[in-house]
Amino acid sequence: MNWLNSLIGRFPRQAQVIGKVVFLAGAILILGAVFARAGLMAVNTERVAAKLPALQTLAQAYPQYATWVVPEGPVGFTVAAALVLIGMVLTGLPAKPKNRK
């Protein structure tokens, strides 16, 4: 952890920008998963009304889109949550002010 503090102390502005980007990436992944799950539920509602079997994954419901980036299971949500936490740590650590003489 000391190497991270020293790196942030040397480049505080860059660390804060990287932290914001990582936080935003994780948050977008989580929100994307929530909306994708709602879309999958809507598709399954129509399929049940048509007496068809329910779809299990987004790739089955939307084969034309790259759904591999959307977290669907515990591992994907863990990675997205880790990105959010890393971003929070990078933006929340206090930067050591430079001594100006």
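The model is predicted. Helices α2 and α4 pack with their axes within 7 Å.

**Helix α2 against helix α4**

- Two packed helices are described by the angle between their axes and by the distance between those axes.
- Helix α2 spans residues 12–49, and helix α4 spans residues 74–92.
- Their axes come within 7 Å and cross at roughly 150°.
- Angles over 145 degrees count as roughly antiparallel, so α2 is roughly antiparallel to α4.
- The crossing of these two helices is left-handed.
- On the α2 side, the contact residues include Ala15, Ile18, Val22, Phe23, Leu29 and Ile30.
- On the α4 side, they include Phe77, Leu83, Val84, Ile86, Met88 and Leu90.
- Gly19 and Gly26 of α2 also take part, as does Gly87 of α4.
- By class, the contact has 16 nonpolar, five polar and one charged residues.
- Lys20 of α2 is among the contact residues.

- Helix α1 covers residues 2–10.
- Its buried residues are Leu4, Ile8 and Gly9.
- Seen down the helix axis, these buried residues fall within an arc of 135°, so they line one face of α1.
- The face turned away from the buried side carries Asn2, Trp3 and Arg10, which are exposed.

**Pro53, in a loop**

- Pro53 lies in the loop between α2 and α3, and α3 is residues 58–61.
- Pro53 and Gly9 are 44 residues apart along the chain, and their C-alpha atoms are separated by 56 Å.

- Asn44 belongs to helix α2.
- Leaving aside residues up to four places away in sequence, Asn44 touches Ala54 and Leu55.
- Thr67 sits in the loop between α3 and α4.
- With residues up to four places away in sequence left out, Thr67 touches Leu58, Ala59, Tyr62 and Glu72.

Methods
Residues numbered from 1 in each chain as written. Predicted model: local features only at pLDDT ≥ 70, side-chain atom pairs only at ≥ 80, totals over all residues. Heavy atoms only, no water. Axes fitted to C-alpha atoms, helices over the stretch in contact; angles between N-to-C directions. Helix = DSSP H or I, 4+ residues; strand = E, 2+ residues; numbered from the N terminus. Parallel < 35°, antiparallel > 145°, perpendicular 65-115°, else oblique. Left-handed = near helix turned anticlockwise from the far one by under 90°. Contact = heavy atoms within 4.5 Å. Nonpolar A, V, L, I, M, F, W, Y, C, P; charged D, E, K, R; others polar. Buried < 20%, exposed > 50% of the residue type's maximum accessible area, 1.4 Å probe, protein only. Arc of directions from axis to C-beta.
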